[in-house]
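Colleague: I have some questions about the terms used for this structure. Please set each value against its definition.

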Amino acid sequence: MFQDLTEKFESVFKNLRGHGKLTEKNIADTMREIRRVLLEADVNFKVAKDFVTSVQERALGHEVLKSVTPAQQVIKILHAELTTLMGGSEVGIKTASAPPTVIMLVGLQGSGKTTLAGKLAKHLKNRGRNPLLVAADLQRPAAVEQLRIVAEQVGVNVLAEFDSTPVKICSQGLQQARRASNDTVIFDTAGRLHIDEALMQELSEIKKRTQPHEIFFVADGMTGQDAVNAAQEFVRRLDFTGIVLTKLDGDARGGAALSIRAVTGKPIKFISTGEKLDTLEKFYPDRMASRILGMGDVVSLVERAQHAVDEEKARKIEKKLRRQEFSLEDFYDQLQQIKNMGPIEELMQMIPGMGGKAMKGLTVDEHALVRIEAIINSMTPAERRRPTMIDGSRRKRVARGSGTNVQEVNKLLKQFQMMQKMVKRMSKFGMKGLPMGF
Amino acid sequence: MASILEKFKKGLAKTREGLFGEITKLVKNKYTVDDELLEQIEEVLIGADLGVETSLSVIEQLQNHVNREGFNEPEELTAFLKSELIKHLTGSPGEENGTAATDFFNPTIKPFVVMVVGVNGTGKTTTIGKLAKIFHDNGQKVLLAAADTFRAAASEQLEIWAKRAGVDVVRTQAGGDPAAVAFDALKAAIAREVDVLIVDTAGRLHTKVNLMEELKKINRVLGKAMETAPHEVLLTLDASTGQNALLQAKEFKETVPLTGLVVTKLDGTAKGGMVLTVQSQLDLPVRFVGLGESMDDLKPFDSKTFVEALFQ
Ligand SMILES: Nc1nc2c(ncn2[C@@H]2O[C@H](COP(=O)(O)OP(=O)(O)O)[C@@H](O)[C@H]2O)c(=O)[nH]1
Ligand SMILES: Nc1nc2c(ncn2[C@@H]2O[C@H](COP(=O)(O)OP(=O)(O)O)[C@@H](O)[C@H]2O)c(=O)[nH]1
Ligand SMILES: [Mg+2]
Ligand SMILES: [Mg+2]
């Protein structure tokens with residue numbers, strides 16, 4: 001994608017060198033390309049248009065034209081402008097001077113509010129706070145039970161009653177928090193459409209009664225053009241204080257981030273990147289800008305690697321390698337760590353130059369990894385530690401158990417043998433920089 | 001036909017206006033096609049999530065058409081756009097290729113196994129609840145399989161829906177093996193002489209290899225319990241999803257034998273244009289649309305009716 005973008009701009013600027021002057025057509029072409037990139041990332045039409053108009057002058061200013069690499073200059077400016085637009089003050093959660101801090105979560109159906117309630121509770125608990133979760137979704141079947149389970153997983157208090165009303169339970173939650181000295185209380189409200197008059201009114205009522213310090217609009221990061229409609233209505237009704245974008249662990253370009261930020265003027269406080277409760281991340285406007293422009297995201301890649309790789313294990317493996325005790329079990333562990341970082345294709349996309357064109361023709365065979373895993377899974381612990389004991393009949397059994405064939409098992413064992421040899425050789429020179437790559 | 005259209009329109013948000021409502025307004029009293037008008041039309045198309053490519057190509061066609069043949073009345077522009085879009089979206093201009101919703105159901109197969117898949121929060125469980133009701137009302141004996149063992153209270157949610165629809169559920173404890181639940185449920189369905197088994201699965205992003213492998217396994221295991229199962233694999237798409245919908249559908253289609261789509265949350269203001277692109281590019285019919293959170297808010301789909309309702 002990044003490659004594509006650079007190439008497109010380069011072709012626009014190609015004929016420039018000779019004349020050194022930008023024609024109307026050059027300008028129009030460049031602007032059209034920029035707009036297209038944004039629209040393909042799901043940025044709202046109007047937002048994209050305004051953005052393009054506002055960067056036009058800067059992006060095609062004197063400095064750019066004099067530069068030897070005008071295409072890259074334009075991208076740099078775009079990136080900077082996007083970053084500025086999405087950034088801004090007020091990150092993190094406000095704390096009330098007189099506790100409890102009241103946080104209310106709102107948004108459309110299925111956007112990830114209940115999951116976020118759990119993530120925020122965990123985030124706060126890790127910082128020594130003592131939050132209370134309040135189940136104010138009495139609409140969706142088993143939503144109360146869902147929040148109760150989430151609270152249990154995190155180990156925080158929850159107020160969950162089935163025969164209450166959303167407004168009542170929130171007021172009650174606030175009182176309970178005061179009594180039980182919970183320093184934070186989080187309302188998990190039901191998902192609703194912004195055009196549902198009665199339900200939007202209900203949120204206003206909750207706000208009026210409980211005076212939240214923070215109201216987070218929770219939006220699905222995969223949302224298309226409609227993002228602005230919902231966001232505008234929620235902000236008009238509730239004047240929410242912040243935005244949380246969810247499901248950004250997928251491959252959506254996330255233009256909704258720019259759209260919602262632009263039409264509401266509210267800061268993006270967090271992004272949610274997984275179903276598990278420890279996947280709440282700070283929002284970095286520069287990374288989001290890269291993502292929208294399809295430029296890859298090296299910082300995230302590095303962070304993910306750090307996150308996924310268990311340092312303790314890495315050290316152990318290094319030791320084993322030194323002593324030449326590296327077994328199929330360790331090999332399997334390594335595989336797991338790499339998988340923890342996310343789909344390989346996704347990781348590749350984060351590396352600049354690996355997106356778009358560069359990726360074509362180079363497909364990473366994830367399925368091969370899965371098969372290798374299945375094969376190792378079908379071995380006994382003893383076999384994993386001492387692969388040499390896997391004779392013909394054991395190979396057959398492993399192949400059957402893993403749904404593969406004997407050839408594949410043979411291949412894996414052979415590769416492993418070769419790796420052991422290589423490791424032996426390498427360890428003579430000293431091993432550094434684990435985990436080992438593939 | 002007219003009544004379905006009425007139901008459709010009623011279910012669709014009151015505040016929303018069909019694409020062609022907006023376009024008709026734009027072209028009113030226009031006797032020249034200038035850049036401004038083209039841009040406005042483009043905004044309407046892109047705003048409906050039809051995607052940049054489709055939108056731009058339709059605009060280009062319009063421009064060419066006008067340059068070549070001119071036009072007399074503004075209405076001609078609307079008509080041209082409409083036929084152009086229908087051509088893009090259904091592969092053939094205005095031809096009837098809608099699939100009546102329950103057409104896929106084959107009562108001679110027993111149990112008829114339906115599996116519902118999709119990314120997180122798109123409306124799988126809700127759709128299954130509504131679908132169970134439709135089959136139940138139709139006199140079929142229905143069983144549900146709670147094979148989402150991951151999300152907190154997912155089984156409880158399905159159970160509540162089952163109770164509402166008056167059907168049974170097979171479930172396991174949280175964190176259990178989803179493939180095992182699916183397998184057991186199908187065995188039970190055979191033993192209990194059930195007509196329709198609907199398998200609920202956990203939401204998963206199409207980019208997560210291990211979760212997609214898990215889905216493959218569920219599919220495989222169903223085939224073990226009954227050779228021809230699953231007979232129908234539905235992908236739910238949230239109408240508000242943007243360009244990512246196509247990537248989702250492609251990936252799911254590669255993983256399991258998808259047979260149809262369900263478009264949910266069309267009662268909002270999102271027009272769900274990407275679904276039409278998905279439908280035409282991947283050759284997958286839309287079977288149902290979700291128009292709300294209540295039991296009766298699942299409506300059968302007919303592409304021509306849908307396009308009519310969307311564009312009016
Ligand atoms: N992959 C992924 N799934 C998420 C994320 N946040 C929530 N989900 C899933 O999305 C679905 C809906 O979430 P839920 O919290 O119930 O949404 P609510 O209806 O807004 O309360 C569930 O399947 C969640 O596990 C996220 O950041 N990434
Ligand atoms: N407005 C509206 N909400 C829906 C529709 N279908 C599902 N939902 C809501 O979307 C949320 C997620 O639905 P659910 O069935 O749990 O999604 P799943 O995670 O895919 O099983 C719930 O709050 C549902 O009530 C629909 O057609 N319209
Ligand atoms: Mg919820
Ligand atoms: Mg579900």
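Colleague: What makes the crossing of α6(A) and α12(A) left-handed?

Modeller: A crossing is left-handed if the near helix is turned anticlockwise from the far one by less than a right angle, and right-handed if clockwise. The crossing of α6(A) and α12(A) is left-handed. This is a predicted model, in which local features need pLDDT of at least 70 and side-chain atom pairs count only at pLDDT 80 or more, while totals for chains, interfaces and linings use all residues. Residues are numbered from 1 along each chain as its sequence is written, and chains are lettered from A and ligands numbered from 1 in the order in which they are written.

Colleague: Why are α6(A) and α12(A) called oblique to each other?

Modeller: Helix α6 (residues 70-86) and helix α12 (residues 255-264) of chain A cross at roughly 55°, and their axes come within 9 Å. Axes are lines fitted to C-alpha atoms, for helices over the stretch in contact, and angles run from 0 to 180 degrees between N-to-C directions. Angles under 35 degrees count as roughly parallel, over 145 as roughly antiparallel, 65 to 115 as roughly perpendicular and the rest as oblique. The pair is therefore oblique.

Colleague: Which residues make the contact?

Modeller: Leu82(A), Leu85(A) and Met86(A) of α6(A) meet Ala257(A), Leu258(A), Arg261(A) and Ala262(A) of α12(A); contact requires C-beta atoms, placed from the backbone, within 7 Å. By class there are 6 nonpolar, no polar and 1 charged (Ala, Val, Leu, Ile, Met, Phe, Trp, Tyr, Cys and Pro count as nonpolar, Asp, Glu, Lys and Arg as charged, and the others, Gly among them, as polar).

Colleague: Why are α6(B) and α7(B) described as roughly parallel?

Modeller: Helix α6 (residues 124-137) and helix α7 (residues 154-165) of chain B pack at an angle of about 25°, with their axes 9 Å apart. α6(B) and α7(B) are therefore roughly parallel to each other. Their crossing is right-handed. Their contact has 7 nonpolar, 4 polar and 2 charged residues.

Colleague: What is the size of the largest nonpolar core?

Modeller: The largest nonpolar core has 178 residues. Such a core is a set of buried Ala, Val, Leu, Ile, Met, Phe, Trp, Tyr and Cys residues joined through C-beta atoms within 7 Å (buried: 20 or more other C-beta atoms within 10 Å of its own; exposed: 12 or fewer; partly exposed in between). Among those with the most contacts inside the core are Val134(A), Ala132(B) and Ile198(B). Leaving aside neighbours within four places in sequence, Ile198(B) is in contact with residues including Val114(B), Ile128(B) and Ala132(B).

Terms used:
Two residues are in contact if their C-beta atoms, placed from the backbone, lie within 7 Å. Helices (H or I, at least four residues) and strands (E, at least two) are DSSP runs, numbered from the N terminus.
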